[in-house]
Amino acid sequence: MNIIQNWGKFFLFLSSTVRNREPFRVYPTLVLDEMVKIGTNSFVIVAIVSTFIGMVTCLQTADNLVSPLVPMSVIGTICRDMTLLELAPTFTCVVLAGKVGSNLAGEIGSMRITEQIDAIDVMGINSSSYLILPKIIAACIMIPALCILAAFLSLLGGYMIGEITGAISPNDFVTGIRDGFRPFNVFFALTKSFVFAFLISTISSYKGYYTFGGALEIGQASTKAVTNSVIAVLFADLILAKIMI
Amino acid sequence: MIEIINIKKSFGDKMVLDGVSGTFENGNNSLIIGASGTGKSVLLKCIVGLIQPDEGDVLYDGRSLYTSTVSEVKKIRREMGMLFQGGALFDSLSVAENVRFPLDMLMSEMSDQEKHDQVMHSLERVGLEQSANKRPSEISGGMRKRVGIARAIVMNPKYLFCDEPNSGLDPMTSIKIDELISEITDEYNMTTIVVTHDMNSVIGIGEYVLFLYQGLKEWEGDSESILHAKSQPLREFVFASKIMERLL
């Protein structure tokens, strides 16, 4: 019963972000601010994680590929497909669920506890639309962009480590990346990252928006935001894989 | 004038407000008082619409907050100003930006210069024009309350609500805040409702006092008659302070 109530509350919360919105002129600045907070501020962590994941993927694939009958370029192909299909969208979004999700829940939760959200409501401003909608839009723009960056850096990491360690030559790696390339995989990765961005931003905002109590509850809301977002991302990953591939 | 009609509110099994009614006249400082946990803040939140009551209605000059259309409710809300217990200032904005926030959001027809003038006028009114560029974290608790008042009055509201304006303040600052609220009420001819448990405020600015006890309206009257009221819970509340006891 509690689960059904929570789902109902979540969907009512989502609808409140788009019903009785504030005038359009209010949103562009807010969306840009959130894009900087969500996107630009996550650049470094995404860059580090994806580069290292790309390097490790390349080395482990090369290590396991011992048959002389299999061309070395297959390492590049495997790295490309793993990166596009899973590592770039899913791994990046799991990392972002931790960083962005806890940040959103903490920020909105502390605004709730300190009555800043009440102050917005009393003024006759739709607080959920004013505070949450720009975050959802910004996340849905910036997280797919970060996933594209992650995919590029991951492949670049594989390329570099292959050359540095001699595991695979640059030519073989690039040949492997080009070989049998399906543009649909890029579309699939972007679709996944868009869905994950929506889930992370809405679930985290929801957890923050309904925080009641004090500092302890803000911490709990952030933790729940991260765990619920990660579970939702993984679950959506499975469903999308089943539907789209 | 604000009328509250038979407001009932419970949280789970706990009945917090059990049919509270009252009338808050225009141009008056009306106080809702009572011990901690008697439902003062819940009543105030029901009055401003932050908490939906289970039963009852609130009328703003005859306009219902709970049965009107969304656009009418928005109109009523734009005539409200509220001072929150902790100030509820936006940490990411400066003092002046905090005060300007309602103007930016709701008064698109005003020019930047007009908004600036209005903000500075409000800040001057509370004596904080020198702190316009400071952040909320850089100012004291009393100053935060004054910024909260400046933000509440920047839209020239008809109704002002103050939730525990004296909490966490020293007696001197507390009296200054009370005086400021009283002066502003007269100046803007507003209907002001203050939730407090501070007897200094009751004696100092209370023109109409509503005493809540266990979710019910136990007593109502003015600040002079409160000292001679017969209600036992009210007497216990008023004379809990040794200073008040000695005054009589």
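## Helix H8 against helix H9 in chain A

In this predicted model, A:Phe188, A:Val195, A:Leu199 and A:Ile203 are among the residues of H8(A) that meet H9(A), where the partners include A:Ala225, A:Ala232, A:Val233 and A:Leu240; two residues are in contact if their C-beta atoms, placed from the backbone, lie within 7 Å. The residues of this contact divide into 13 nonpolar, five polar and four charged, with Ala, Val, Leu, Ile, Met, Phe, Trp, Tyr, Cys and Pro counted as nonpolar, Asp, Glu, Lys and Arg as charged, and the others, Gly among them, as polar.

The axes of H8 (residues 183-209) and H9 (residues 215-244) of chain A come within 9 Å and cross at roughly 150°, which makes H8(A) roughly antiparallel to H9(A) (angles over 145 degrees count as such; axes are lines fitted to C-alpha atoms, for helices over the stretch in contact, and angles run from 0 to 180 degrees between N-to-C directions).

## The sheet of chain B

Four strands of chain B form an open antiparallel sheet in the order E2-E1-E4-E5; two strands pair if DSSP finds at least two bridges between them, and helices (H or I, at least four residues) and strands (E, at least two) are DSSP runs, numbered from the N terminus. E2 (14-24) and E5 (63-64) of chain B stand at the edges with a single partner strand each, so one side of each lacks a neighbour in the sheet.

Eight bridges join E1 (residues 2-11) of chain B to E2(B), and B:Ile2 stands opposite B:Phe24 in E2(B).

## Basis of the model

Residues are numbered from 1 along each chain as its sequence is written, while chains are lettered from A and ligands numbered from 1 in the order in which they are written. Local features need pLDDT of at least 70 and side-chain atom pairs count only at pLDDT 80 or more, whereas totals for chains, interfaces and linings use all residues.

Notes
Parallel < 35°, antiparallel > 145°, perpendicular 65-115°, else oblique.
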